[in-house]
Amino acid sequence: MAEQALEIPTIDISGGPRERGLQYGRQAGEQIDASIRFYKEAFKDSSGLEWSQIIKLAEHWVDRATEYAPDLVEELRAVAEGADRDFLELMAINARGEIVYDKKFADLIGGECTTYAVMPEGSGDGHVYAGQNWDYLCGAMDSIIMLRIRGEGDPDIIMQIEAGQVGRHGANSAGIALQVNGLGGRYGFKGFGVPQPFVRRRVLQAPNINEALRRVFHAPQQVGANYLLATREGTAISLETTPGERTGWLYPDGDGILVHGNHHEAHIPAGQDGPYIPMSMSSLYRVPIVRRELKRVLNTADGEQTRRAIAAALGNADFAPNSVCAMPDATLPATKQWQTVAATIVDLTTGEYLLSDGLPNERTFKTLPWNLYESADRVPA
């Protein structure tokens with residue numbers, strides 16, 4: 001199959017918080033507008049609340065975000081200015097994961113994710129790979145961008161992200177990849193935590209794996225999430241976090257493969273009503289399917305074959321529509337349909353970042369125009 005053109009916009013920002021934010025807002029204004037249009041409709045359909053009521057709700061997270069990451073709040077205010085939008089509209093987009101766990105929005109929780117890492121002993125070319133199928137609401141696809149951030153003193157970051165958010169998942173020039181899966185709701189947590197995009201961005205700003213881990217453990221989160229961290233040196237750890245509870249962790253298996261979905265494997269959280277029920281039933285079979293498929297990567301002869309094998313694992317459509325490569329379910333209303341909106345293969349050894357902008361069993365993986373290690377002083381030995 002001939003390589004298809006990349007359809008997700010690539011946006012490059014640099015400088016201090018305000019400079020970055022203004023550049024971001026001006027370049028991604030169209031996608032930010034698309035995101036706001038979608039969430040206006042989706043939140044209204046799910047809860048009956050008007051957009052003015054949603055952005056009023058967003059005020060609850062401003063102080064928490066400011067205490068945690070004042071520089072990122074400054075950046076977000078500049079994004080809003082650059083895009084000619086209200087700051088609270090963008091805070092609502094950043095807090096959308098926290099908002100939807102309110103009972104009013106219970107039927108809007110859609111989309112799952114499958115994350116993975118392949119260590120040198122598990123890959124045919126001896127490289128380290130990490131990435132994920134990002135499964136989310138179809139209506140958000142017009143708002144997805146690829147964002148490269150070059151700051152002042154922090155590692156460079158490449159992320160796939162909803163326009164208007166400050167963070168999601170990706171990798172940095174220190175050779176650290178971050179992939180994230182949702183794990184469910186509040187687990188008995190009361191009050192307001194820091195919205196997930198701020199936590200994820202902080203983790204991706206870490207200069208080394210030790211600091212990245214510390215930032216996950218000390219994040220004042222409101223909802224549960226799994227953080228899969230991988231390094232170019234060949235280390236991977238999956239951290240299952242829940243607000244107010246202990247964190248569990250997993251390592252790659254004997255073949256150098258680590259996969260995670262949307263259910264707890266390292267520990268079962270206790271702070272909930274009744275027995276533990278995974279937020280996604282398909283997670284219980286998606287994880288072993290991807291583990292099985294990634295075992296084939298070891299038998300590949302070179303980098304091209306290795307990447308094709310990883311792409312095939314991410315494109316697995318067994319049990320569709322609720323498959324590894326998630327398909328839209330036509331039986332659901334349009335605002336509640338979800339699919340794999342993007343899939344990634346990050347070669348942490350070479351710094352190449354490959355993206356499938358849509359269903360990975362239909363779209364080819366394209367190499368982004370940026371390399372993680374472009375800066376001369378950060379090229380690995």
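**Before you start**

This is a predicted model: local features need pLDDT of at least 70, side-chain atom pairs count only at pLDDT 80 or more, and totals for chains, interfaces and linings use all residues. Residues are numbered from 1 along each chain as its sequence is written, and side-chain values use heavy atoms, with hydrogens and water left out. Helices (H or I, at least four residues) and strands (E, at least two) are DSSP runs, numbered from the N terminus.

**Stop 1**

Eight of them make an open sheet with mixed pairing, in the order 1-4-5-6-7-8-9-10. Strand 1 (10-14) and strand 10 (248-250) are the edges; each has a single partner strand, so one side of each lacks a neighbour in the sheet. On average, neighbouring strands of this sheet are turned by 20° against each other, direction ignored. Two strands count as paired if DSSP finds at least two bridges between them.

**Stop 2**

Select residues 169-172, which are strand 6. Strand 6 runs antiparallel to strand 7, and two bridges join them. Pick A171: its bridge partner in strand 7 is A177.

Next, take strand 7 (residues 176-182) with strand 8; they are antiparallel, with seven bridges. V180 has Y227 in strand 8 as its bridge partner.

Strands 8 and 9 form a hairpin with four residues between them. In the turn, G234 has a positive phi of about 100°.

**Stop 3: both faces of strand 8**

Is strand 8 mostly covered or uncovered? Mostly covered: seven of the seven residues in 225-231 are buried. Buried means under 20% relative accessible area, exposed over 50%, and partly exposed in between (1.4 Å probe, protein chains only). Show side chains on one side: A225, Y227, L229 and T231. Then show N226, L228 and A230 on the other.

**Stop 4: helix 8**

Select residues 196-204. Helix 8 lies across strand 4 (144-150), strand 5 (157-162), strand 6, strand 7 and strand 8. It runs at about 160° to strand 7. Axes are lines fitted to C-alpha atoms, for helices over the stretch in contact, and angles run from 0 to 180 degrees between N-to-C directions. Contact means heavy atoms within 4.5 Å.

**Stop 5: helix 11**

Select residues 303-314. At the start of helix 11, a side-chain oxygen of D302 comes within 3.2 Å of the backbone nitrogen of E304. Now colour the buried residues of this helix: T306, R307, A309, I310, A311, A313 and L314. Their cover includes strand 2 (113-118), strand 3 (129-137), helix 10 (283-294), strand 12 (338-347) and strand 13 (352-356).

**Stop 6: two single residues**

Centre on R148 in strand 4. R148 has a relative accessible area of 7%, so it is buried. Beyond neighbours within four places in sequence, R148 is in contact with I11, D12, I13, I157, I158, W370 and E374.

Finish at G25, in helix 1 (residues 17-27). G25 counts as buried, at 0% relative accessibility. Not counting residues up to four places away in sequence, G25 touches I32, V79, G82 and A83.

Methods: A polar contact is a pair of N or O atoms within 3.5 Å; within protein, one must be able to donate a hydrogen and the other to accept it, and residues adjacent in sequence count only if both atoms are side-chain atoms.
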